Amino acid sequence: MDFELTEEQQLVRASVREFCEKYVEPIADAVDQEPRFPSENLKKLAEQDWLGIPYPEEYGGAGADYLTHIIAIEELSRACASTGFIVEVNTSLACFPLYKFGSEEQKKKYLAPLCKGEMLGAFALTEAGAGANIAPGITTAVSDGSEYVLNGTKAFVANAPIAGVFIVVAATDKAKGREGLSAFIVPAGTPGISTGEPLPKLGFRGALTSEVILKDCRIPKENLLGQEGEGSAIAGITLDGCRIGIAAQALGIAEAALVESVRYSKERVQFDKPICSFQAIQWMLANMATEVEVSRHLTYHAAWCYDQGLPYHKEAAMAKLMASETAVQQTDRAVQIHGGIGTVKGQKVERLYRDAKITEICEGTSEVMRTAIADSLMH
Amino acid sequence: MLKVITCFKWVMDEADVKVDASSRRLILDRVGYKISLYDRNAIEEAARLQEQHGAGVVAITVAPPTAKQCLKDALSRGPDKACFVNDPSFLDYQPAQTAAVLATAIKAQGDFDLILCGEGSSDLYTQQVGPVLAELLGIPCATYVNKLTCVEGEKRIIAERKLDDCVEVLSVQLPALVTVLPDINTPRIPTLKQVLAAGKKPVDHITLDMLGSASEPRLQTISILGATMERRRLKFGTEVEDIQAVIGALLKEGVIA
């Protein structure tokens, strides 16, 4: 059994950490508070080859493994969860279905620019009556000659306001339920597709999320991703991969909470002693460190399963469940350790506290994760 | 083609060094390693010459075999090839001994034009290896360099030395050795493709036997203790007669004798 990261993975961690110290951390507060999209870092992230890490070089990727991507997401999220999410959504929700199900032509046309950062991608699945259950909602795609006509409204689409291309899941045959869903590639700017105002969210505030409105949006038949009826399968496997990424985000957030808490507890003096000398604080820190380590092992193991070609549906759900709930608990403790100052804007733990909550919800709530894990026990 | 050799040292990451509060002993069991900071500037300068003048760059280090991880790190930063001169005894080599090993290994590499070193290492910072190496190779040496220009078509460099009270500009005939200050450049953060490509670049593994000459390690570390800061929280007045009180306190604490 080998728990050691490869030399390359260790170097990537060091590179991303250095990059974050230099470019990501200094603007993270502004990105959160204004909030704004960290556009100045996007080109740099692309130059570092971090927008399409696990995809082959011929499609603009870096040709590394998924664990390397996970390490990059962990490190980015440690500094700025919004930046981590922007990259994660692009890589796992937009690039992945194109890579896995796209034709050669679709990969060249859409995957390559996404990996190179020439544009960002978004994945439009959730709607008012549909989400992680991957059930048909109101969005439909009707065949009309050489085109499909898409109608409906998608909700909570991450990266939507700045996306260059959307992967849209829509019902081609409502009577078939989940089996009647299909996935489509819809470039931004196609007549009939528009995005709503960015939502003023609790966390991940610099990662812009909005509605996507499809109104008689006509796309050529060649923009069907995979086959008709494959939409639910595409969405399912795409979400599985992204759940490992969200676990990595939660891991990064929890690690940052731990680092901040250790640092502050050594500095803050009460009753003539630094508060880290009190057992109450030490036990909190000990629990935080242990749970972070548990989350890391589950997350890396899920990524390892992905890289080995092993099933990872259950492992991804377990990693996301554990890491996201850890992040929520640890950031709560981190604010507690900081006391009053921990509730003030501009304090990193205040931001981490809000960002952590998103990881329990996006790409499937903790309840959906438990359902997925329970399902795997029943079958 | 300009042939550049850049020397680097694999050092403990000081951020990972912890100090035991009671004994002041350094706790090193979880320490990570990195390329010494100024050596990263030397490697970056070599990479810049590579990009601007098509220089061929060899990165060389003298280290214990356990430092193997340094190779991909260095190669991801630009050099075409690495030269890993390794032996467990190198850990206890004096700077002059390290320079002697480097000199032998560099001579074995054949012709070169320019050797770049960091001004000093992040751990010992003796600033000796560069100048001693130049002396052993019989080539000119420019230290404290914060700007380097390669004169196209001539085997010559213009080196700006940042000294205490002035900037000295030297024209140096190659081959030569230059030690660089951190102001000379900003080392790049390797891209993922550069990291992945590093493992495919050639590495010469050179052992002590292959060098043909060995010397006993002359450095013996007897003890290293962490520095501690204890605040006495003494307060003094600003009158002339208070000076005696300040001196008395300093004598008592053993700061002055």
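Tutor: A residue counts as buried if 20 or more other C-beta atoms, placed from the backbone, lie within 10 Å of its own, as exposed if 12 or fewer do, and as partly exposed in between. This is a predicted model, in which local features need pLDDT of at least 70 and side-chain atom pairs count only at pLDDT 80 or more, whereas totals for chains, interfaces and linings use all residues. Residues are numbered from 1 along each chain as its sequence is written, while chains are lettered from A and ligands numbered from 1 in the order in which they are written.

Student: Which residues of α3(B) are buried?

Tutor: Helices here are DSSP runs of H or I with at least four residues, strands are runs of E with at least two, and both are numbered from the N terminus. In α3(B) the buried residues are B:Gln97, B:Thr98, B:Ala99, B:Ala100, B:Val101, B:Leu102, B:Ala105 and B:Ile106. Contact requires C-beta atoms, placed from the backbone, within 7 Å, and the partners against which these buried residues pack in chain B are the strands β1 (3–7), β6 (56–63), β7 (81–86) and β13 (203–207), together with the helices α4 (129–137) and α6 (208–211).

Student: How should I read chain B as a whole, and what share of its residues is buried?

Tutor: Chain B has 7 helices and 13 strands, and its C-alpha atoms fill a box of roughly 70 × 45 × 40 Å along the principal axes. Of its 257 residues, 35% are buried, and among the contacts in chain B with a separation of 6 or more, 69% join residues 24 or more positions apart.

Student: What does the radius of gyration say about chain A?

Tutor: Chain A is built from 10 helices and 10 strands. Its radius of gyration is 21 Å, close to the 21 Å that the globule rule gives for 379 residues, so chain A is as compact as a globular protein of that length. The radius is taken over C-alpha atoms, and the rule is 2.2 Å times the number of residues to the power 0.38. In chain A, 54% of the 379 residues count as buried.

Student: Into which domains is chain A divided?

Tutor: Domain bounds come from an automatic or database assignment, which gives chain A domain 1 (7–119), domain 2 (121–229) and domain 3 (233–378). The C-alpha centres of domain 2 and domain 3 of chain A are 30 Å apart. Domain 2 of chain A brings 11 residues into contact with 12 residues of domain 3 of chain A, and this side of domain 2 has 9 nonpolar, 2 polar and no charged residues. Nonpolar means Ala, Val, Leu, Ile, Met, Phe, Trp, Tyr, Cys and Pro, charged means Asp, Glu, Lys and Arg, and the others, Gly among them, are polar.

Student: Where does A:Tyr353 sit, and is it buried or exposed?

Tutor: A:Tyr353 lies in helix α9 (residues 348–359) of chain A and is buried, with 26 other C-beta atoms within 10 Å. Leaving aside residues up to four places away in sequence, A:Tyr353 touches A:Thr331, A:Asp332 and A:Val335.

Student: How many residues does each chain give to the contact between A and B?

Tutor: Chain A contributes 15 residues and chain B 12 residues. On the side of chain A, the largest share, 7 residues, comes from helix α1 (residues 7–33), and by class that side has 7 nonpolar, 3 polar and 5 charged residues.

How values were computed: Contact = placed C-beta atoms within 7 Å.
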